Amino acid sequence: MDTRAREGDPTPMKNLTTVERKSDRELVVTRAFNGPARVVFEAWTKPELLMRWWAPKSMGVSFLSCEADVRVGGTYCFVFGHDGKTIEFFGKYLEVTPHSRLVWTNDEAGDGGSVTTVTFEEKGGKTLLVMHELYPSKEALDAAGTGVADGMGVTFGQLDELLVTLGASAGRS
Amino acid sequence: MPSARSAWGSAELIDSDSKWDRLGGEGGRQRSARPASLARLTSARYVLNLMVHHSDARLDRSFGALSDATRRGVLERLGRGDASISDLATKFEMTLTGMKKHVAFLEEAGLVRTEKVGRVRTCKLGPRRLEDETAWIERYRQLWDARFDALDELVETLSKEEETHGHASKRR
C-alpha cells in the first residue's frame, strides 16, 4: 500500500467537518458547503436528493427508501439495508423555514430520541451548516454514541481500523 | 459511556475549583482546614479536575501525534505489521534521524512502542487505544464527514447545473 501516492491526491479544497460535545446532552456538527443555502436546503428536503448523499458507499449500507414530507408536522422515514437487515429511521418535522432552518425529531430510539436542528447560513456563495442534536439525557446521548457504530454499520471499534481511515485521509487534512 | 467526564462539559467544574483555589490555596492541599463536608466536596472536585486535566494532556499528546501526515502514515503502516525504524525511513523517504523523531513523538503519546533486538529497533502499535469517548466522537465525525463529502459533491453538481441551465430549470 503506497501512502505517498495517496498523499499526492489533489484535494486541497476539502471542507472540514467538526463535532463538538457542547454539553452532556448536546452534540454540534459544523460543515461548510460550496454552494448556496437554497441548494443545500433542497438536498436535505427532497427525498430523491437525500438518497444521493445520506448513505455514501463508504458507509456500507444501502439506502432502500426515503420518504420525507417536509412541512411542520410532516413525517419522514428512511430505510437502510445492512447485512440483509433493514434499519428504519423516522420522526416528525417540527420546524421548516425554507433555506435556513429545519428541526425534526428522531423517534426510532423511543424516549431516548434526540431533536435535530439544522441551520443553513449563506456567506459569499458558501453555506455554513450547523447541526445541533439535543438528547433528553446524558445517558441517551451516550447510548447513541455507542449506536453510531452498530446502527450504521460503521465499526471503527478498534484503533487499527480507525488509523487505516486516518491514514487514508492523511493527504487531505 | 461510563468513562470519566473528559474535556467536554467540564468547564463549570474547573471554574468551581479555581474559585476554591483563590479561597484556600491549591485544591486538596489545604482542605483539612475546611469543614469535613466541604473538604469531601472540594476533594471530589479536585480529583475530578485532575482527571480532566490529565485526560486533556493525554488527548493533546494524541492529537499532536496525529496532526502530522507522516505520523498517521506510520501508524497506518504499523497497523499492518511491525517495522523497523529504517524500514519506515525508507518507506517514507526520510532520514533515519527524522523518522526517529516521529517515532519518539508517537511513543510519547503511547500510540507506538519500540523494542530493540540486537541492532534493530522494531516499532509496533502502542498499548494505548484512543479513549472511549474520543473514539466515538471521532467515529461520529467520520460518519458525518463521509456523508457531507457526498453532500458537498451533490451541492456542487446541482449548483453547476443551475449555472448552466438557469435557476428556473427543473432538476430530477
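**Pairing, packing and burial**

Student: Which residue in strand 3 of chain B is the bridge partner of R113(B)?

Tutor: The bridge partner of R113(B) is K124(B) in strand 3 of chain B. This is a predicted model, in which local features need pLDDT of at least 70 and side-chain atom pairs count only at pLDDT 80 or more, while totals for chains, interfaces and linings use all residues. Residues are numbered from 1 along each chain as its sequence is written, and chains are lettered from A and ligands numbered from 1 in the order in which they are written.

Student: What makes strand 2 and strand 3 of chain B a pair?

Tutor: Strands are DSSP runs of E with at least two residues, helices are runs of H or I with at least four, and both are numbered from the N terminus. Two strands pair if DSSP finds at least two bridges between them; six bridges join strand 2 of chain B to strand 3 (residues 120-125) of chain B, so the two antiparallel strands meet that requirement.

Student: Why are strand 1 and strand 2 of chain B said to stand at the edges?

Tutor: The open sheet of chain B has three strands in the order 1-3-2, with antiparallel pairing. Strand 1 (83-84) and strand 2 (112-117) of chain B each have a single partner strand, so one side of each lacks a neighbour in the sheet. Helix 3 of chain B packs on this sheet, touching strand 1, strand 2 and strand 3 of chain B, and its direction makes about 90° with that of strand 3 of chain B. Helix 5 of chain B also packs there, touching strand 2 and strand 3 of chain B.

Student: Why are the buried residues of helix 5 of chain B said to line one face?

Tutor: The buried residues of this helix (buried means 20 or more other C-beta atoms within 10 Å, exposed 12 or fewer, partly exposed in between, with C-beta atoms placed from the backbone) are M99(B), H102(B), V103(B) and L106(B). Seen down the axis of helix 5 of chain B, these residues fall within an arc of 95°, so they line one face, the arc being that of the directions from the axis to the C-beta atoms. On the other side of helix 5 of chain B, T97(B) and A104(B) are exposed.

Student: Why is helix 3 of chain B called roughly perpendicular to helix 5 of chain B?

Tutor: The axes of helix 3 (residues 69-79) and helix 5 of chain B, which are lines fitted to C-alpha atoms over the stretch in contact, with angles from 0 to 180 degrees between N-to-C directions, come within 10 Å and cross at roughly 75°. That makes the two helices of chain B roughly perpendicular, since 65 to 115 degrees has that name, under 35 being roughly parallel, over 145 roughly antiparallel and the rest oblique. The contact (C-beta atoms, placed from the backbone, within 7 Å) involves T70(B), R71(B), V74(B) and L75(B) of helix 3 of chain B and H102(B), F105(B) and L106(B) of helix 5 of chain B.

Student: Why is E48(A) called exposed?

Tutor: E48(A), in helix 3 (residues 47-50) of chain A, has 10 other C-beta atoms within 10 Å, so it is exposed. E48(A) and C66(A) are 18 residues apart in sequence and 7.7 Å apart in space, C-alpha to C-alpha.

Conventions:
Two residues are in contact if their C-beta atoms, placed from the backbone, lie within 7 Å.
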